[in-house]
Amino acid sequence: MTSPLEQKIRISGPSIVTANRTFDGAVIYRNASQGWSTDLSEAAIVRTVAEARALLAESVADDIGAVGAYIAPVEINDGGKIKPGNLRELIRLRGVTIELPVLA
Amino acid sequence: MPLVKNGKIATDIFVHIPDGAELPGDGAILVSAARFLEDPEALLRRPGKLGVIWPNNRDVDDLVPWLDRLAAVALVFPTFRDGRAYSQARLLRERHGYDGELRATGQVLRDQFVFMLRAGFDTLEAKKESDVEAFAVTAKRYSVFYQPTGDGRLTALNRRLAQRHSESAASE
Amino acid sequence: MYAYDELDRTLLNERVEEFRDQVKRRLSGELTEDEFKMLRLQNGVYLQLHAYMFRVAIPYGTLSSQQLRRLAHVARRYDRGYGHFTTRQNIQFNWIKLAELPDALAALAEVGIHSMQTSGNNTRNVTSDQWAGVAPGEIEDPRIWSELLRQYTTLHPEFSFLPRKFKFAITASAHDRAAIKVHDIGLRLHKNAQGETGFEVLVGGGLGRTPFIAKTIKPFVHGRDLLSYVEAILRVYNQYGRRDNIYKARIKILVHELGIEKFAAEVEEEWRAMGDSALTLDDAVIEEVRSRFSYPIYEKLPHMPEELKKAAHDAVFERWRRNSVFTHKVQGYAIVTVSLKPVGGPPGDATADQMDAIAELADKYSFGEIRVGHEQNLALPHVAKRDLPALFKALEKIGLATPNVNLISDIIACPGLDYCSLANARSIPIAQELTRRFANPETAELIGRLHINISGCINACGHHHVGHIGILGVEKNGEEFYQITIGGRADENAELGVLIGPAVPFGEVADVIEDIVEAYLALRGRPDELFVDAVKRLGVEPFRERVYATR
């Protein structure tokens with residue numbers, strides 16, 4: 001099993017590191033202060049392979065707090081707002097694309 | 001390396017001699033299968049206990065001719081996910097009647113202890129000191145076993161039948 | 001229904017305590033994720049896109065009403081109020097918190113439910129026919145043997161770290177509702193000339209990246225040798241299955257690479273070397289397990305009760321009865337399939353409220369027993385025919401009386417990219433749209449039996465390879481595309497579907513299916529020639545032409 005740090009890292013634009021929170025599985029984003037946030041707007045942006053590798057390394061090192069960290073693409077609109085860069089990340093951010101039953 | 005032998009934390013009397021290194025005059029040694037098979041008789045003539053480290057991708061049948069003269073067989077878990085050594089252990093104990101030391105080496109974690117004991121290992125080279133310390137508690141974790149192995153524990157099916165017999169005997 | 005005894009319950013509780021300790025060590029950092037991952041998988045805990053997913057075992061698809069209520073409780077207390085029934089007769093919860101899992105497991109253990117080995121490289125749920133024990137013409141109840149196998153494979157010290165996952169299925173009917181031919185080991189129960197029970201043993205079936213139909217390794221293994229023979233197969237696989245490449249690690253690859261004759265010879269040699277095995281089942285042991293299965297005490301009921309005669313004028317009831325009610329081996333009773341495929345709904349899901357309601361209906365009308373089918377519907381296996389009108393009314397009230405069982409809108413779908421981190425594309429919205437396109441029950445009846453299977457990726461959890469119509473989600477340039485196959489089947493005539501052409505985008509899938517159906521309606525030899533038979537007769541060409549003429 002290849003460690004995420006040994007896997008080939010490809011950056012095709014602004015990217016972030018995302019993972020799931022260990023105790024409850026919630027989607028989290030690596031921020032710029034060596035921590036995690038559930039808010040995508042607080043995600044640290046990397047733009048080069050070297051930056052990505054460094055951010056990923058520090059993320060993976062937090063084995064207690066986060067599970068399965070990886071690099072994901074984002075888009076940054078004209079207003080500077082960070083948006084998910086593909087359908088998978090959109091689903092992770094906004095939840096399933098279908099209606100869930102109302103919790104009784 | 002932290003070691004559990006026969007249910008207790010123990011000091012390892014065996015020294016692992018890498019291929020190419022000179023063998024000590026006596027004392028308990030563990031050598032690789034390749035080295036052993038080059039000249040098994042010579043190694044067996046040597047004073048001191050001899051153990052062989054058998055790779056997990058090789059048939060234990062090849063070791064059978066010398067089993068009754070070996071003090072130890074060490075089997076390998078290259079990762080804890082690789083379960084081939086469990087089959088090797090059972091075959092050595094149950095099919096070939098091996099009753100020397102059977103040692104688990106490699107990535108040996110607390111969460112596999114019970115499986116290993118059931119498969120016939122009596123010596124565990126654990127990866128973590130803390131796991132060795134937790135051995136006693138871990139080994140007692142399960143009291144019900146569904147399937148028979150050579151470890152002599154009664155299976156659930158057998159216990160139920162025994163209970164049935166004693167119940168019907170009591171009611172007679 | 002199998003009744004757990006103290007030994008079974010003790011094992012469950014010991015397992016729950018072990019996992020509680022493992023979770024504690026993970027959250028404290030004593031266990032790394034790398035070390036913990038295998039342990040959580042062995043308890044059915046996956047990490048998915050948004051959250052952990054928790055897969056609970058429903059052995060051979062049989063549940064008591066008490067157990068179903070407890071699943072509803074877990075859905076409410078620990079999840080978001082619903083669960084998903086899977087193609088292996090299990091149930092999945094999608095939003096569980098790791099920290100709360102030990103408590104959820106303890107709650108389930110109290111009623112004899114567990115999640116052992118629902119994931120990981122070990123032996124998984126032994127699935128069976130959801131009509132086991134009640135199907136007319138069944139040779140004997142296969143669940144006795146499923147339970148023997150379940151116990152034998154649970155926490156087996158030798159086979160808990162196999163090269164890859166290992167799945168069993170058993171059938172005891174001529175018509176195979178358990179899809180045994182696409183399992184690692186498939187077992188067909190039958191009797192020899194002396195009237196003794198045994199099994200045709202098939203190996204090496206499976207879907208995914210490299211689908212294979214299972215091959216017969218031994219035409220008759222006596223019942224008493226079932227476990228020892230299975231042990232021989234597992235031992236050969238454990239030692240020689242590939243461990244260098246996860247895509248080549250299933251037993252189907254080993255069987256394919258060795259050839260079935262050589263593989264059979266290896267197993268035979270191992271089995272002979274086992275000699276007088278402690279695993280040989282004597283009659284006492286088999287009877288012991290059989291004795292803990294309880295069966296209803298059926299009343300002597302008429303074939304056509306008054307209640308049913310009176311309800312015959314109700315067209316809506318009649319449509320449901322024609323579609324969802326099946327012949328029971330005991331006169332006066334029926335097997336009722338409860339469709340979990342409402343129009344516009346995600347296939348195979350049930351809310352906690354619905355689960356509670358079904359549990360109550362099971363108590364009232366089905367001797368407290370529910371079944372889970374691999375087609376992601378439920379069944380009430382012991383309904384007195386006189387109760388059918390009342391049952392129908394009650395099911396209608398909770399949205400579980402859609403008369404689409406085995407029809408085109410009875411779709412089997414994996415969770416897909418909405419939930420699953422392995423997926424390339426979404427499957428649920430495709431299923432939802434298709435149920436809307438084919439919502440008209442008359443149209444669905446006109447089309448007849450047609451199984452659509454949807455998988456969001458090549459791992460094929462939706463069994464698309466063996467769908468009459470199979471839909472496979474792929475990714476092309478960041479967009480969701482779907483490959484369509486036709487002509488697959490999962491039963492005793494199992495066959496893999498054939499690709500009809502290039503993948504089509506998300507927005508066009510429903511149109512393509514409509515085109516395929518139109519072609520079938522135009523070309524079928526008789527109104528009762530099934531879609532899958534028409535494909536067999538005509539081949540793929542006419543359908544390919546119709547679909548791709550304007551694309």
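Predicted model: local features only at pLDDT ≥ 70, side-chain atom pairs only at ≥ 80, totals over all residues.
Biologist: Which chains have the most contacts among the two pairs that touch?

Modeller: Those are chains B and C, where 31 residues of chain C are in contact with 27 residues of chain B. On the side of chain C that touches chain B, the elements giving two or more residues are helix 1 (6-28), helix 2 (33-41), helix 5 (143-153), helix 6 (226-240) and helix 9 (283-291) of chain C.

Biologist: Which helix of chain C gives the most to that side, and how do its residues divide into nonpolar, polar and charged?

Modeller: Helix 1 of chain C gives the most, with six residues, and the residues of the side of chain C that touches chain B comprise 14 nonpolar, nine polar and eight charged.

Biologist: Turning to Ile454(C), why does this residue count as buried?

Modeller: The cut-off for a buried residue is 20 or more other C-beta atoms within 10 Å of its own, and Ile454(C) has 29 such neighbours inside 10 Å, so Ile454(C) is called buried.

Biologist: Where is Ile454(C) placed, and which residues does Ile454(C) touch, not counting those up to four places away in sequence?

Modeller: Ile454(C) lies in strand 17 (residues 452-455) of chain C, and with that exclusion its contacts include Ile411(C), Cys414(C), Ile430(C), His464(C) and Ile471(C). Tyr482(C) is 28 residues from Ile454(C) in sequence, with a C-alpha to C-alpha separation of 9.5 Å in space.

Note on methods: Residues numbered from 1 in each chain as written. Chains lettered and ligands numbered in written order. Helix = DSSP H or I, 4+ residues; strand = E, 2+ residues; numbered from the N terminus. Buried ≥ 20, exposed ≤ 12 C-beta atoms within 10 Å, placed from the backbone. Contact = placed C-beta atoms within 7 Å. Nonpolar A, V, L, I, M, F, W, Y, C, P; charged D, E, K, R; others polar.
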